[in-house]
Amino acid sequence: MPEHAEKQKIDHGELKKTGFWLNQAFMIVSTIVGVYLAAQSGLEQALKFDTLSKMEDNYYLRMSLYDELDDAVKELETYAKVLAKSPPKVVITEQRPMLDKYVWQTMKYNPTTLETPSEILSEVRRFYGKADRTIDQVGRWAIGSRHASKLLLEQTEYFKNGPLLKLKDSADELKRLLAKEDIQIGVLKGE
């Protein structure tokens with residue numbers, strides 16, 4: 001065989017080996033990119049679920065607080081009517097409302113509490129403080145029962161037509177935002 005014919009002969013074994021390694025490198029790179037993209041997508045879904053779940057928790061928290069405060073307003077209005085009649089001390093003491101503050105107290109330990117608008121939380125704190133102070137003062141005869149009645153009615157009127165409505169509206173807004181994401185209240189909790 002002439003010398004020229006040997007030079008034209010190509011070693012396909014080296015080419016096959018190089019192709020094999022290139023194929024393996026591409027497979028590794030594509031696997032890494034695929035895993036990264038899947039992890040990224042999974043993380044985004046997990047974060048979205050967590051956000052929506054917290055919104056739902058805060059909706060329930062706000063509605064529970066709303067119900068508790070609505071009951072408190074009604075109790076204080078009833079007590080104010082009793083006080084308006086200038087009753088004897090025994091009646092003032094016996095009729096004294098015991099405002100339920102279970103939700104309000106429990107909110108201290110709930111991680112979603114501070115997702116409630118701060119102006120609403122401040123108004124609730126002020127409402128409870130003023131009501132307790134007025135009830136305490138009339139019980140000690142520091143103020144007259146008619147004046148206490150007037151104060152309680154002013155406090156409840158302001159609260160139910162302002163902060164209490166804002167609290168309800170904020171809960172309704174959460175419900176609307178969740179519905180926008182095709183989530184009905186109770187679905188995430190399995191209700």
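This is a short tour of a predicted model, stop by stop.

**Before you start**

Residues are numbered from 1 along each chain as its sequence is written, and side-chain values use heavy atoms, with hydrogens and water left out. Because the model is predicted, local features need pLDDT of at least 70 and side-chain atom pairs count only at pLDDT 80 or more, while totals for chains, interfaces and linings use all residues.

**Stop 1: the whole protein**

Show the cartoon. The protein has seven helices and zero strands. Helices (H or I, at least four residues) and strands (E, at least two) are DSSP runs, numbered from the N terminus. From that end, the elements run α-α-α-α-α-α-α.

Now show the surface. The accessible surface comes to about 12,900 Å², and 59% of it belongs to carbon and sulfur atoms. Accessible areas come from the Shrake-Rupley method with a 1.4 Å probe; for residues, only the protein chains shown count as cover.

How much of the protein is buried? Buried residues make up 31% of the 191 residues. Buried means under 20% relative accessible area, exposed over 50%, and partly exposed in between (1.4 Å probe, protein chains only).

Contacts come next; a contact means heavy atoms within 4.5 Å. Among contacts between residues at least 6 apart in sequence, 82% join residues at least 24 apart.

**Stop 2: the nonpolar core**

Select Leu65, Leu69, Val124 and Phe127. Of the 37 residues in the largest nonpolar core, these four touch the most other members. A nonpolar core is a set of buried Ala, Val, Leu, Ile, Met, Phe, Trp, Tyr and Cys residues joined through side-chain atoms within 4.5 Å. Which helix supplies the largest share of this core? That is H2, with 14 residues. Helix H2 (12-84), helix H4 (102-106), helix H5 (118-139), H6 and helix H7 (163-180) each supply at least two residues.

In soluble globular proteins, nonpolar side chains tend to be buried together.

Centre on Val124. Not counting residues up to four places away in sequence, Val124 touches Leu65, Leu69, Trp104 and Phe159.

**Stop 3: helix H6**

Select residues 145-161. These are the 17 residues of H6. At 1.5 Å a residue, they should span 24 Å, and the end C-alpha atoms are 24 Å apart, which agrees. The expected span is 1.5 Å times one less than the number of residues.

Colour the buried residues of H6: Ser145, Ala148, Ser149, Leu152, Gln155, Thr156 and Phe159. Look down the axis of H6: the buried residues fall within an arc of 135°, so they line one face of the helix. The arc is that of the directions from the helix axis to the C-beta atoms.

**Stop 4: loops and the tail**

Select Thr112, in the loop between H4 and H5. Is Thr112 buried or exposed? At 4% relative accessibility, Thr112 counts as buried. Leaving aside neighbours within four places in sequence, Thr112 is in contact with Lys54, Asp57, Asn58 and Leu61.

Move to Ser86, in the loop between H2 and helix H3 (89-94). Ser86 has a positive phi of about 50° although it is not a glycine. At 37% relative accessibility, Ser86 counts as partly exposed.

Then find Asp182, in the segment after H7. Asp182 is another residue other than glycine with a positive phi, near 65°. At 70% relative accessibility, Asp182 counts as exposed.

**Stop 5: salt bridges**

Side chains of opposite charge can pair when their charged atoms come close. Here, a salt bridge is a side-chain nitrogen of Lys or Arg within 4 Å of a carboxyl oxygen of Asp or Glu. The structure holds 11 salt bridges.

Show Glu181 and Lys48. Their side chains meet in a salt bridge (3.1 Å, N to O). Glu181 lies in the segment after H7 and Lys48 in helix H2, so the pair ties together parts that are 133 residues apart in sequence.

Next, go to helix H7. Lys168 forms a salt bridge with Asp172, with the closest N and O atoms 3.3 Å apart. Lys168 and Asp172 are four residues apart in H7, so about one helical turn separates them. Glu173 pairs with Arg176, and their closest N and O atoms are 2.5 Å apart. These two also lie in H7, three residues apart, about one turn of the helix.

Finish with Glu77, Glu157 and Lys160, which are linked in a network of salt bridges.
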